[in-house]
Amino acid sequence: MARLVVIGGGAAGMSAASAARRVAPALDAIVCEAGGFAAYGMCGIPYFLGGTVADAESLLAYPPAEFREKRGIDLRLRTRVTRIDPEARRVHLSGVGGSETVGYDALVVASGADPVRPPVPGLDHPRVFTIRSLDEAIELRRLLDTGTVRRAIVVGAGYIGLETAEALVCAGIEVQVIEALPRVLGNVDEPIAGLAQAELERHAGLRLGTRLDAVGDGDGSGGRVTAVVDGTESRTDLVVIATGVRPAADLLIQAGARHLPDRSVTVDASMRTSLPDVFAAGDCVALPHLVLGRPAWVPLGPAANKTGRVAGTVAAGGAASFPGVVGTAVVKVFDLEVARTGLTLAEAQAAGLAASATDVVSRSRAKYYPGASPVHVRLVHAPDGRLLGGQLAGREGAAKRIDVLATALHAGLSVTDLAALDLSYAPPFAPVYDPVLAAAIKAASGAGRPAASGAARPAASTLGGSS
């Protein structure tokens, strides 16, 4: 019987194993997961911490029995792969039952991404956490439920840092966010990041251009934390490190797999690595970026599920391919929705592209309909009108409008094409000229101009017409 071994029981890994068993029901499929849970919604962890999601089990896509008993997958929790031997087609395992070596006919590596932990003394303190695994999230939730955490420091103001800050505020905790960069959300342009910063500061403290220097024991018992921030000591009850992630690709790289300088592993459209019969999927791989025209590391959940399914299908003898990504992402910052797709102006310029930015402030609904709020739109486009990316922010209607721009990027539309789209209209949902259309019309008219990153500020739309 042929054997498939999958490293990693997250979205990509369990998608791979499930897809493989659908293609080849007699396949011996083994999944090795280093943690205590598999197939859970990692993106839901902040909402579990804040109490929006009541219990950890709600984050599980399926219980382990679903995979073991109904899908015939040998799911091994708390089992870590320590080495891949591609010549012998074997992996070395270490788990609760000891160490062993397992052979494979095909291998899928879906090891995900690891949290970046800055080189700061004291991060082993029991009240220092990262937000990257359900095991650790359960431990943190237990601590929060004791009522002993009144103040917290969140290190990092990216997606996870801002979502974590909101979760802790929802739990009744006084939160301070510190960020080494001069602004929040480094993966959107400054006009949109400025809106997110203002919303964050309505609910939590924020210190930009600030670094965590050290962590110490505040009272000698592990119950309090002393955080040294820019040379000044402060007492707190909790420190959360949210300074980003990096590809967890060490096993593949040590085995000789080709990779980019950021250590994300390169794959073909069928998710094959440069090693024979070794596939990779999820947050450890570089995927074709359809705007850049080259592989890029864009670790996001939807692509993890899709690439896992492709890897498992092909590893089991089926046919499948993954065309690529455009980098679409959304984040909720308290009452503000922030979304992006494609390239920001800064990213386009860094890639050597001539790019312009067009900014518009429109409305989420018709101006006379109650509850309307501003929707900020930024389009990034080339001199010939080719759409390169877009960003939105608003209290409603921003998050899912980004999907129109993502679809346009997949289709290779220009801003003129975008302006001609027949989008829906009704007063409770949009003005006659949807915010995306308003921005596209302005961009197509030539109002967008080359600008340094962050230099362009949103300008109110002057489009006429009934709304």
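Modeller: Two strands are said to pair if DSSP finds at least two bridges between them. Helices (H or I, at least four residues) and strands (E, at least two) are DSSP runs, numbered from the N terminus. The model is predicted, with local features requiring pLDDT of at least 70 and side-chain atom pairs pLDDT 80 or more, while totals for chains, interfaces and linings use all residues. Residues are numbered from 1 along each chain as its sequence is written, and side-chain values use heavy atoms, leaving out hydrogens and water.

Colleague: With that settled, what stands opposite Leu 379 in strand 26?

Modeller: The residue opposite Leu 379 is Gly 390 in strand 26. The pairing there is between strand 25, residues 374-381, and strand 26; the two are antiparallel and share seven bridges.

Colleague: How many residues lie between the strands in that hairpin?

Modeller: Five residues separate strand 25 from strand 26 in the hairpin, and Gly 385 takes a positive phi near 95° there.

Colleague: Which other strand is joined to strand 26, and in what sense?

Modeller: Strand 23, residues 336-342, runs antiparallel to strand 26 and is joined to it by six bridges.

Colleague: How many of the residues of strand 26 are buried?

Modeller: Eight of the eight residues of strand 26 (387-394) are buried, so the strand is largely enclosed by the rest of the structure. Here buried means under 20% relative accessible area, exposed means over 50%, and partly exposed lies in between, with a 1.4 Å probe and protein chains only.

Colleague: How do strand 20 and strand 21 pair?

Modeller: Strand 20, residues 285-289, is antiparallel to strand 21, and three bridges connect them. Opposite Pro 288 is Pro 295, which belongs to strand 21.

Colleague: Now for side chains. How many aromatic pairs does the structure hold?

Modeller: The structure holds one aromatic pair. Its members are Tyr 62 and Phe 67; their ring centres are 5.9 Å apart and their planes are at 85°, so the pair is edge-to-face. Rings of Phe, Tyr and Trp (its six-membered ring) pair if their centres lie within 6.5 Å; planes under 30 degrees apart count as stacked, over 60 as edge-to-face, and the rest as tilted.

Colleague: Is Phe 67 buried or exposed?

Modeller: Phe 67 is buried, because its relative accessibility is 2%. Tyr 62 has a relative accessibility of 36% and therefore counts as partly exposed.

Colleague: What sits over the ring of Tyr 62?

Modeller: The charged end of Arg 71 does, 4.4 Å from the centre of the Tyr 62 ring. The criterion is that NZ of Lys or CZ of Arg lies within 6 Å of the ring centre and within 35 degrees of the ring normal.

Colleague: On to the backbone. Where does Arg 78 lie?

Modeller: Arg 78 lies in the loop between strand 3 (73-77) and strand 4 (79-85). Its phi is near 50°, a positive value in a residue other than glycine. Most residues other than glycine have a negative phi. With a relative accessible area of 44%, Arg 78 is partly exposed.

Colleague: And what is phi of Asp 230?

Modeller: Phi of Asp 230 is near 50°, again positive in a residue other than glycine. Asp 230 belongs to the loop between strand 14 (225-229) and strand 15 (232-236). At 42% relative accessibility, this residue also counts as partly exposed.

Colleague: Finally, some distances. What separates the C-alpha atoms of Leu 93 and Leu 134?

Modeller: The C-alpha atoms of Leu 93 and Leu 134 are separated by 22 Å, and the residues are 41 apart along the chain. Leu 93 is part of strand 5, residues 90-95. Leu 93 counts as buried, at 4% relative accessibility.

Colleague: In which helix does Ser 15 lie?

Modeller: Ser 15 lies in helix 1, residues 11-23. It counts as buried, because its relative accessibility is 17%. Ser 15 and Val 436 are 421 residues apart along the chain, and 34 Å separates their C-alpha atoms.
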